[in-house]
Amino acid sequence: MNPAFCDRKSNPKTPWISLGLLLLVLLLSNPAFSQNQNESEKTESLPKERKEKTDYSSLPKNPRKATILSAILPGAGQVYNGKAWKVPLLYAGFMTDIYFIGYNNKRYQTFREALFAYDDGDQSQFPSLNREALVRNVDYWRQNRDLTILLLAGIYALNLIDANVDAHLSGFNISDDLALKFEPNVGTFAASGSSMGLTMKLQFK
């Protein structure tokens with residue numbers, strides 16, 4: 001056996017180690033890096049200020065409370081925020097996704113049992129399908145089932161995010177004294193003569 005080949009095979013990480021050491025030397029020799037390191041050391045030497053807790057007392061709705069309510073019972077945070085109309089949409093999404101989880105899982109189990117039966121010599125369930133087709137169906141329905149389970153987790157997370165964001169926006173009040181109007185406008189230019197356009201005006205009543 002060639003000794004040189006054994007050497008390269010037993011030390012595959014040597015080029016990467018050398019490259020890493022070279023990059024480290026370049027970084028340490030960079031004045032900007034040294035300056036940033038000194039500044040970070042000074043920052044660490046300063047006493048750390050205590051992190052103040054976020055004050056939600058100025059908001060009509062507490063985002064933390066809304067999120068906890070939605071975590072315990074999906075839709076409860078939306079009711080707390082005064083957005084109860086979102087609850088039917090939320091549960092429609094849950095129920096639809098749960099239905100497809102059951103449907104995909106049922107199809108997966110059917111083809112899985114058919115595959116086991118095919119391996120035992122029983123081809124009566126799907127006589128027109130060979131083993132490769134059964135395997136493809138098993139993989140397909142299992143993937144669909146897993147994706148719908150992930151989608152269910154996504155709907156639950158969206159429920160939490162929606163409740164939290166709505167509570168944060170509860171302090172954002174749009175006054176009725178604001179009015180947005182679109183009006184036609186005719187202007188004159190020295191080079192091209194008159195021209196027509198559309199202007200947007202924001203008025204305070």
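Helices and strands are DSSP runs, numbered from the N terminus.

**Figure 1. The whole chain, read from end to end, is a predicted model.** The protein chain holds 7 helices and 2 strands. Along the sequence, the pattern runs α-α-α-α-α-α-α-β-β. The chain has 205 residues, and 17% of them count as buried.

**Figure 2. Helix H6 packs against helix H7.** H6 covers residues 86–119. H7 covers residues 131–168. Their axes lie 8 Å apart, and the packing angle is about 160°. Angles over 145 degrees count as roughly antiparallel, so H6 is roughly antiparallel to H7. The crossing of these two helices is left-handed.

**Figure 3. The contact of H6 with H7 brings together nonpolar, polar and charged residues.** Start with the nonpolar class: 20 residues. The polar class has 7 residues. The charged class has 10.

**Figure 4. The largest pocket has residues from both H6 and H7 in its lining.** Its volume is about 160 Å³. Each of the two helices supplies at least two lining residues. Which residues line the largest pocket? They are Gln 78, Lys 86, Leu 89, Leu 90, Gly 93, Ile 155, Leu 158, Asn 159 and Asp 162.

Figure 5. Look for Leu 89, Leu 90, Ile 155 and Leu 158 in the lining. Lys 86 and Asp 162 are also part of the lining.

**Figure 6. The search of the whole structure turns up 1 cavity of 30 Å³ or more.** How much space lies in the largest cavity? It holds about 40 Å³. The lining residues are Ala 114, Ala 117, Tyr 118, Asp 122, Gln 123, Ser 124, Gln 125, Phe 126 and Leu 134.

**Figure 7. H6 gives the largest share of the lining of the largest cavity.** That share is 3 residues. By class, the cavity lining has 5 nonpolar residues. Another 3 are polar, and 1 is charged. Find Tyr 118 and Phe 126 in this view; both line the largest cavity. Asp 122 lines the cavity too.

How values were computed:
Residues numbered from 1 in each chain as written. Predicted model: local features only at pLDDT ≥ 70, side-chain atom pairs only at ≥ 80, totals over all residues. Heavy atoms only, no water. Axes fitted to C-alpha atoms, helices over the stretch in contact; angles between N-to-C directions. Helix = DSSP H or I, 4+ residues; strand = E, 2+ residues; numbered from the N terminus. Parallel < 35°, antiparallel > 145°, perpendicular 65-115°, else oblique. Left-handed = near helix turned anticlockwise from the far one by under 90°. Nonpolar A, V, L, I, M, F, W, Y, C, P; charged D, E, K, R; others polar. 1 Å grid on protein atoms, 1.4 Å probe; cavity = no way out; pocket = protein on both sides within 12 Å on 5 of 7 lines; lining within 4 Å. Points joined across faces, edges and corners; volume = space filled by probe spheres on them. Buried < 20%, exposed > 50% of the residue type's maximum accessible area, 1.4 Å probe, protein only.
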